[in-house]
Amino acid sequence: MNLFVCSNREKFIKKLSDFLKEEVKNLFVSPIDDETIDRIYKSQPDIIILDFCLRTCWKLLKKIVQAPSLREIPLILILRRKDEKTIEKLCNYEIFDYVIEPFLKCEILMKINKASEIVEFKKDFNSLLTKDPLTGAYQRGFLLEKMHEEIQWCNLYKEPLTLAMFDIDFFKKVNDTYGHQTGDKVLIELIHLAHNSMPERALIGRYGGEEFCILLPGTDENTAREILESFREKVEKNDFYTFKGERIKNTISIGFTTYYGEEGYSIDEIIQKADIALYKAKQSGRNRVIF
Ligand code: GH3
Ligand code: MG
Ligand code: MG
Ligand code: MG
């Protein structure tokens with residue numbers, strides 16, 4: 001659980017850190033100033049604690065509850081005293097909870113634990129909606145949505161965007177020879193390898209059957225070729241195992257295309273280009289990367 005504490009009071013920060021050191025994995029601390037919001041954005045915390053002690057806190061509070069990617073994060077306020085006017089005014093903001101000073105360790109911990117439960121629930125729920133249950137890759141619909149956003153970004157900022165499609169070579173034979181369960185196991189391990197081979201920003205989705213796509217934002221043709229070639233090689237060298245523990249080998253074919261934001265292509269056109277490249281990779285002998 002990542003916790004972000006905004007406060008300008010050293011003593012308070014010390015007290016809170018002492019309270020939380022065994023319970024919270026990552027504790028980010030920031031003073032309350034013009035850069036607080038940027039720091040929150042950068043650390044993408046699970047929970048925010050705001051030491052509500054200055055007039056400027058209202059400004060920060062407003063920014064947090066208005067930012068699309070921050071408004072969902074549970075926010076716990078620390079109030080100096082039980083002041084009716086302040087609490088009434090706070091009811092207009094969607095804050096998660098507050099504690100009033102002086103507070104006990106168990107009080108703040110209880111609220112943080114409650115907030116973490118909600119965060120965990122939301123994460124599970126989102127993953128249920130957006131991910132393929134077998135492999136953990138994104139579902140096609142979610143990936144297309146992300147692709148739409150990335151293409152718009154690319155059109156605006158002329159940043160390259162690579163789309164790759166890959167498909168297991170002769171996968172039917174794996175199913176036919178070792179059974180569907182072993183086939184599933186291969187798929188799971190393959191996507192695990194894919195996640196380990198890709199940069200942080202990459203999105204991996206299941207396009208259909210044993211065909212997957214990888215979206216690489218900010219990645220030009222040469223960089224993409226290196227990344228994908230190294231992934232292809234990793235798969236080729238990997239030992240997969242059947243349910244009975246027999247060692248088997250698999251290879252994949254990859255087709256990719258890079259969009260630079262100037263061609264004005266639609267999602268369909270970009271997918272088609274990657275798909276044609278994948279087809280060429282299959283036609284020209286499999287186990288290769290084709291642009
Ligand atoms: P190639 O792609 O090299 O042309 O040959 P292939 O044998 O892999 O042919 P194709 O891509 O057409 O075959 C896809 C096979 O993948 C058929 C289908 O049974 C299998 N498959 C698709 N989804 C799953 C899955 O979720 N689990 C398992 N075990 N098999 C799957
Ligand atoms: Mg095929
Ligand atoms: Mg295949
Ligand atoms: Mg296929």
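The model is a predicted one, in which local features need pLDDT of at least 70, side-chain atom pairs count only at pLDDT 80 or more, and totals for chains, interfaces and linings use all residues. Residues are numbered from 1 along each chain as its sequence is written, chains are lettered from A and ligands numbered from 1 in the order in which they are written, and side-chain values use heavy atoms, with hydrogens and water left out.

Let's start with strand S6, residues 161-168. Helices (H or I, at least four residues) and strands (E, at least two) are DSSP runs, numbered from the N terminus. Eight of the eight residues of S6 are buried, so the rest of the structure largely encloses this strand; buried here means under 20% relative accessible area, with a 1.4 Å probe and protein chains only. In a regular strand, side chains alternate between the two faces of the sheet. In S6, Leu 161, Leu 163, Met 165 and Asp 167 point one way, while Thr 162, Ala 164, Phe 166 and Ile 168 point the other way.

S6 also has partners, where pairing takes at least two DSSP bridges between two strands. Strand S8 (residues 211-217) runs antiparallel to S6 and is joined to it by seven bridges. Strand S11 (residues 252-259) is antiparallel to S6 too, with eight bridges.

Now for the open sheet, which has five strands in the order S2-S1-S3-S4-S5, with parallel pairing. Its edges are S2 (26-30) and S5 (97-100), each pairing on one side only. Five bridges tie S1 (residues 2-6) to S2, and Phe 4 has Phe 28 in S2 as its bridge partner. Helix H2 (residues 36-43) lies across S1, S2 and S3 (47-52).

On to the pockets. A pocket is an open set of points on a 1 Å grid over the protein atoms alone, where a 1.4 Å probe fits, with protein on both sides within 12 Å along at least five of seven lines; lining residues have an atom within 4 Å of a point. Of its 28 lining residues, Gln 44, Asn 126, Tyr 138, Phe 142 and Lys 146 are the closest to the centre. The second largest pocket holds about 290 Å³, and helix H4 (residues 84-90) gives the most to its lining, with three residues.

Terms used:
Buried means under 20% relative accessible area, exposed over 50%, partly exposed in between (1.4 Å probe, protein chains only). Contact means heavy atoms within 4.5 Å. Axes are lines fitted to C-alpha atoms, for helices over the stretch in contact, and angles run from 0 to 180 degrees between N-to-C directions. Grid points are joined across faces, edges and corners, and a volume is the space filled by probe spheres set on the points.
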